[in-house]
Amino acid sequence: MDEPNRRTVLAAGAAAIAAVSGCSTYGEPRNTPATSAPANAVLAKTGDVPVGGGVIIGDRQIVVTQPTAGTFKAFTSVCTHQQCQVANVEGGTINCTCHGSKFDIKDGSVVREPAAQPLAAKPIKVSGDSIQLA
């Protein structure tokens with residue numbers, strides 16, 4: 001019986017590693033690099049942020065919410081569980097679909113795990129109808 005030589009074993013191992021590393025896995029972090037925004041950069045218009053909801057500004061990695069009429073909040077859009085980008089703002093929560101974490105639109109606190117830490121608040125100011133970084 002012929003036994004495989006060292007070269008055959010190494011080639012087979014390399015092919016297996018290449019095949020596995022080329023596959024993506026459900027729930028992998030989907031980070032996009034944050035574009036640094038100067039203070040006073042306009043993030044959104046007040047009319048674009050629904051009351052009881054919010055908008056995600058992906059290129060800035062920020063989510064802006066309006067928990068009650070005229071009250072605006074901003075948080076990082078990077079989930080604290082495994083650094084995925086949050087996917088949407090619905091039903092009073094900021095939702096990460098990677099693993100199901102949910103955060104309150106009022107203060108960024110965890111509403112549903114697996115995330116254990118709240119979303120970090122971002123300082124903003126409202127000037128006229130513009131929401132800006134403070």
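## Strand pairing

An open sheet is formed by three strands in the order β2-β3-β4, with antiparallel pairing. Strands here are DSSP runs of E with at least two residues, numbered from the N terminus, and two strands pair if DSSP finds at least two bridges between them. The edge strands, β2 and β4, each pair on one side only. From one strand to the next, the twist averages 20°; axes are lines fitted to C-alpha atoms, and angles run from 0 to 180 degrees between N-to-C directions.

Five bridges connect β2 and β3 in the antiparallel sense. Gly 53 stands opposite Gln 66 in β3. In general, strands of a sheet pair through backbone hydrogen bonds, either parallel or antiparallel.

## Basis of the model

The model is predicted: local features need pLDDT of at least 70, side-chain atom pairs count only at pLDDT 80 or more, and totals for chains, interfaces and linings use all residues. Residues are numbered from 1 along each chain as its sequence is written, and side-chain values use heavy atoms, with hydrogens and water left out.

## The disulfide

The structure holds one disulfide, a term that denotes a pair of cysteine sulfur atoms within 2.5 Å. Cys 84 and Cys 98 form this link, with an S to S distance of 2.2 Å. The link is left-handed, with -105° about the S-S bond.

Cys 79 is buried at 3% relative accessibility, and Cys 96 is buried with a relative accessible area of 4%.

## Positive phi values

Gln 61, a residue other than glycine, has a positive phi near 55°. Gln 61 is located in the loop between β2 (53-57) and β3 (62-68), and its relative accessible area of 14% makes it buried.

For Gln 83, also a residue other than glycine, phi is positive and near 65°. Gln 83 is placed in the loop between β4 and β5 and is partly exposed, with a relative accessible area of 37%.

Methods:
Buried < 20%, exposed > 50% of the residue type's maximum accessible area, 1.4 Å probe, protein only. Helix = DSSP H or I, 4+ residues; strand = E, 2+ residues; numbered from the N terminus.
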